[in-house]
Amino acid sequence: MNFKKTAVALALFGFTSASIAQATFSFVAQSDMKAPSHVVFVDDLENLDGAAARLNTASEGQLLKLLALNDFETKLGHVQHLQMVAGLGSLLVIGSKDDNGISASELQDLGGIIASSLYSTTKTVDVAVHIDNLTLTDTTLFTPSALIASGYHMRDYSFDKYKTKKDEGKSTVTLVTQNAEMAENHYQNDLKYVAQGIHMARDIATEPGNNMYPEVFADKIKAAFSGIDNVKVKVLDVRDMEKYNMGALLGVGKGSVHDPRLVIIEYLGGDKNTAPIALAGKGITFDTGGISLKDNDGMWAMKSDLAGASAVAGTMHAIANRGEKINVIGIMAMAENMPGASAIRPGDVLDTMKGTTIEIMSTDAEGRLVLADAVYYVQQEYKPSMLLNIATLTGSAARALSDEYAAVITRDFELSTQMMEVGKRSGEHVWPLPLHANHFEQIKSPIADIKNSGAGNPGASIAAAVIATFVDESLPWVHLDIAGVDWLSEDIDVSPKGSQGWGVRFMDQVVREQVK
């Protein structure tokens, strides 16, 4: 049965004016093989089937001979690029063998591999992707072709706003699958919004600090969410925060000429009487360390110290656009941490909205300060059923877990293990670090209620303990430290190097699993 070919354009979200490569997706049941490029998957060289078998027959066995000549392996993700097979100008053969079945995130990786192999951001691509020979896991909720399309979408990204020569790649991607109608629905009405949210998060975290500061961020968020159903954006300025006695958030911003902001996105897509999930993000638009000044080496990357806030924004954009039947509050604590004449000093004491006082041991431990007021505010104003905060918070987390895992810290280890499963399903993996009673002892201050850092290690757990001080002990609470995973020094399958927008897929999955 042939389904009508329907183009699914990537109406890419223009948070900045960056020129982002464009792609268009179609889902069809049959292909006329006229596209200049084709992709087939192979899991067994002894028993070719599907499109690969048809091409091998049409080429009188040339396909298998060429694969053998190039030592092609069928392992998942292995790529061989061939030309002039059965009259095709370009053929991408990708290994798809996985004895445990292919997960949703691995299918997205395959889509990213296709995009990167065809240089989608810089070249014109017209490709037909034949979806067969894919053994899926039982937990895969979306059609394989929709997941492959979303992986291609995620990888098809460049940030060239400030370059005189722009990346002008455009892709026309036809996915050939017997589930064309269902796949189109999965992609068009769901997965494309997640990919757009990831691109949005990358845009924000890549903008230089001179063009992205708290007021600009707030204005961009208001514009981005304007007109989306069930969404309201609130912005607290200095006067508002003073009324709430948010001395920690205000204190971090004192050294900057740019005033801090607290940005709240309310998405009420569920029953009005149902408590929302709260997502809280650290939004330091640039972090010099303040008076506790960082070394210059690598400080340029501190423009991405708002990656937690950008991930919250991208997640909220995905949830709201697909109309998820749930209530979610996204709260982003925005400040610039600069060593100006009015900056806070080590040894200063700050008030907080909760009333708990904080002695400043290091002004470079600022993320936990802005989150302290943010998480308390969202609890008081919205009474959430669950609270997740996300931040590029500590080098300790990065040193402990490198770029393989984000750190997850909770009061309840069972909740941590649940978050590990969320990570596996989303493709953004986490690993638990401890939160012990002694960590709270280490942050006790001789002149205030707590200090913003403790003596010695472990720094990631100490930072979590500061934030936990402002979270009700009965509330399910998840702390994500993404300092080691957000900024990539090398490409991965679904993202070029730079900000990968880490956290959008993870938080999106958390929200999906909370929908009743």
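Q: When I look along strand 5, which residues point one way and which point the other way?

A: In a regular strand the side chains alternate between the two faces of the sheet. In this structure, which is a predicted model, Ser 90, Leu 92 and Ile 94 point one way from strand 5, while Leu 91, Val 93 and Gly 95 point the other way, and all are buried. Strand 5, which covers residues 90-95, is accordingly described as mostly covered, with six of its six residues buried.

Q: Which strands are joined to strand 5 by bridges, and do they run parallel or antiparallel to strand 5?

A: To read a pairing, look for the bridges and then for the direction of the two strands. Strand 3 (residues 37-42) is joined to strand 5 by six bridges, and these two strands run parallel; within this pairing, Phe 41 has Ile 94 of strand 5 as its bridge partner. Strand 4 (residues 79-82) is joined to strand 5 by four bridges, and here the two strands run antiparallel, with His 81 standing opposite Leu 92 of strand 5.

Q: Where is Asp 348 placed, and what does its side chain reach?

A: Asp 348 lies in the loop between strand 11 (327-337) and strand 12 (349-350). Its relative accessibility is 18%, and because buried means under 20%, Asp 348 counts as buried. The side chain of Asp 348 reaches the backbone nitrogen of Arg 345 at 2.8 Å. If we leave aside the neighbours within four places in sequence, Asp 348 is in contact with Ile 358, Glu 359 and Ile 360.

Q: What do I look for in a nonpolar core, and which residues have the most contacts inside the largest one?

A: In soluble globular proteins, nonpolar side chains tend to be buried together. The largest nonpolar core here has 59 residues, and those with the most contacts inside it are Met 419 and Leu 480. The largest share of this core, nine residues, is supplied by helix 9 (residues 307-322). Not counting residues up to four places away in sequence, Met 419 touches Met 386, Val 408, Val 430, Val 478, Phe 506 and Val 510. There is also a second, separate core of 54 residues, which includes Ala 278, Leu 369, Ile 409 and Ile 467.

Q: Is Val 312 buried or exposed, and which residues does Val 312 touch?

A: Val 312, which is found in helix 9, has a relative accessible area of 0% and is buried. Not counting residues up to four places away in sequence, Val 312 touches Leu 279, Ala 280, Gly 281, Gly 330, Ile 331, Met 332, Ile 390 and Met 507.

Q: How many aromatic pairs are there, and why is the pair of Tyr 244 and Tyr 377 given the name it has?

A: Aromatic pairs are read from the ring centres and from the angle between the ring planes, and the count here comes to eight pairs. The rings of Tyr 244 and Tyr 377 have their centres 5.2 Å apart and their planes at 90°, so this pair is edge-to-face. The pair links distant parts of the chain, 133 residues apart, since Tyr 244 is in the loop between helix 7 (238-243) and helix 8 (247-252) and Tyr 377 is in helix 10 (residues 367-382). Tyr 244 is partly exposed, with a relative accessible area of 28%, whereas Tyr 377 is buried, with a relative accessible area of 1%. The rings of Trp 502 and Phe 506 have their centres 5.9 Å apart and their planes at 20°, so that pair is stacked; both Trp 502 and Phe 506 are buried. Elsewhere, ring pairs link Phe 25, Phe 27, Tyr 152 and Tyr 187 into a cluster.

Q: Which charged ends sit over a ring, for example over that of Tyr 157 or that of Phe 470?

A: Here one looks for a charged end placed over the ring and for its distance from the ring centre. The charged end of Arg 202 sits over the ring of Tyr 157, 5.2 Å from the centre, and the charged end of Lys 354 sits over the ring of Phe 470, 5.7 Å from the centre.

Technical notes: Residues numbered from 1 in each chain as written. Predicted model: local features only at pLDDT ≥ 70, side-chain atom pairs only at ≥ 80, totals over all residues. Heavy atoms only, no water. Buried < 20%, exposed > 50% of the residue type's maximum accessible area, 1.4 Å probe, protein only. Polar contact = N/O pair within 3.5 Å; in protein donor to acceptor, adjacent residues only side chain to side chain. Contact = heavy atoms within 4.5 Å. Phe/Tyr/Trp six-rings, centres within 6.5 Å; stacked < 30°, edge-to-face > 60°. Lys NZ or Arg CZ within 6 Å of the ring centre and 35° of its normal. Pairing = 2+ DSSP bridges. Core = buried A, V, L, I, M, F, W, Y, C linked by side-chain atoms within 4.5 Å.
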